[in-house]
Amino acid sequence: DQVIVAMGGDIHYGTTTGSWTTIATGLGTSTIAYDFEKYNFNGTDKVIIATGHSAAQTIDTSWTVDPINATGGGTAPTNPKFVKAFQNHMFYAGATNPQEVLFSAPFAEDDFNTADGAGSFKVDSNVVGLRVFRNELFIFCEDRIYKLLGSSSADFAVQEVTRNIGCRDGGSIEEIGGDVIFLAPDGLRTIAGTDKIGDV
């Protein structure tokens, strides 16, 4: 029965009656886009928010806001734009290196210690969005699309979907009717159709 609103670099929560409480400020400029992910790694429901202008922020059910700052070790991503939970890891992209995807240790969104199962990988195009679909993490880039298979750092594998089609806008990526659609250079496409034909 609560609503989270992110606007102008600030985060608020409130009820449908219109009573609002500000819980975070100064996360970016008035024109930033927000990427949200709802998850539960430790028995507590949380929402994580990435803006590209500050550290990713987590919000728990008590409305406590915490920045992601590598509490568990390693180096946290700097100002990530995209964030998604996949196979009990948190994945971050669009940070300092736009072609790099970083992931946390299992069940710990703030542990980037490789000894604990965290890691990173690079693709050869700038990442513009992430989407989990049918037990795969799709990595949408400006002129490529990849998907990540596996369940941990021991067997994660990046596989090409296509090297000739990219996504124009990460905000266009949506799951509709049992498929994922996105805005490609030639219009709207589905990930299933693109994956089937591969390079076109």
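Student: What keeps the sulfur of C167 from forming a bond with the closest cysteine sulfur?

Tutor: Distance. This is a predicted model, and in it the closest cysteine sulfur to that of C167 is in C141, 9.4 Å away. A disulfide requires the two sulfur atoms to be within 2.5 Å, so the pair is too far for a bond.

Student: What does the closest cysteine sulfur to C141 show?

Tutor: The closest cysteine sulfur to that of C141 is in C167, at 9.4 Å, which is too far for a bond. By the distance rule, the count comes to zero disulfides.

Student: Are these two cysteines buried or exposed?

Tutor: C141 has a relative accessible area of 0%, and C167 has 2%. Buried means under 20%, so C141 is buried and C167 is buried.

Student: What makes the contact between K84 and D35 a salt bridge?

Tutor: The closest N and O atoms of K84 and D35 are 3.0 Å apart. The cut-off is 4 Å between a side-chain nitrogen of Lys or Arg and a carboxyl oxygen of Asp or Glu, so the pair qualifies as a salt bridge.

Student: How many salt bridges does a search of the whole structure find?

Tutor: The search finds eight salt bridges.

Student: Which residues are linked with R144 in a network of salt bridges?

Tutor: The network links R144 with D124, D143, E160 and R163. Within it, the side chains of D124 and R144 meet at 3.5 Å, N to O. D124 lies in the loop between β11 and β12, and R144 in the loop between β13 and β14, so this pair ties together parts that are 20 residues apart in sequence. R144 also forms a salt bridge with D143, with the closest N and O atoms 3.6 Å apart.

Student: How do you know whether T194 is buried or exposed?

Tutor: T194, in helix α1 (residues 191-197), has a relative accessible area of 0%, so it is buried. Leaving aside neighbours within four places in sequence, T194 is in contact with I145, V161, T162, I165, F182 and R189. A polar atom of the T194 side chain also lies 2.9 Å from the backbone oxygen of T190.

Student: What makes β17 and β18 paired strands?

Tutor: Four bridges join β17 (residues 179-184) to β18, and the two run antiparallel. One of the residues involved is I181, whose bridge partner in β18 is T190.

Student: Why are β16 and β18 called edge strands?

Tutor: The sheet is open, with three strands in the order β16-β17-β18 and antiparallel pairing. β16 (174-176) and β18 (187-190) each pair on one side only, as edge strands do. The twist averages 40 degrees from one strand to the next.

Terms used:
Residues numbered from 1 in each chain as written. Predicted model: local features only at pLDDT ≥ 70, side-chain atom pairs only at ≥ 80, totals over all residues. Heavy atoms only, no water. Pairing = 2+ DSSP bridges. Axes fitted to C-alpha atoms, helices over the stretch in contact; angles between N-to-C directions. Buried < 20%, exposed > 50% of the residue type's maximum accessible area, 1.4 Å probe, protein only. Contact = heavy atoms within 4.5 Å. Polar contact = N/O pair within 3.5 Å; in protein donor to acceptor, adjacent residues only side chain to side chain.
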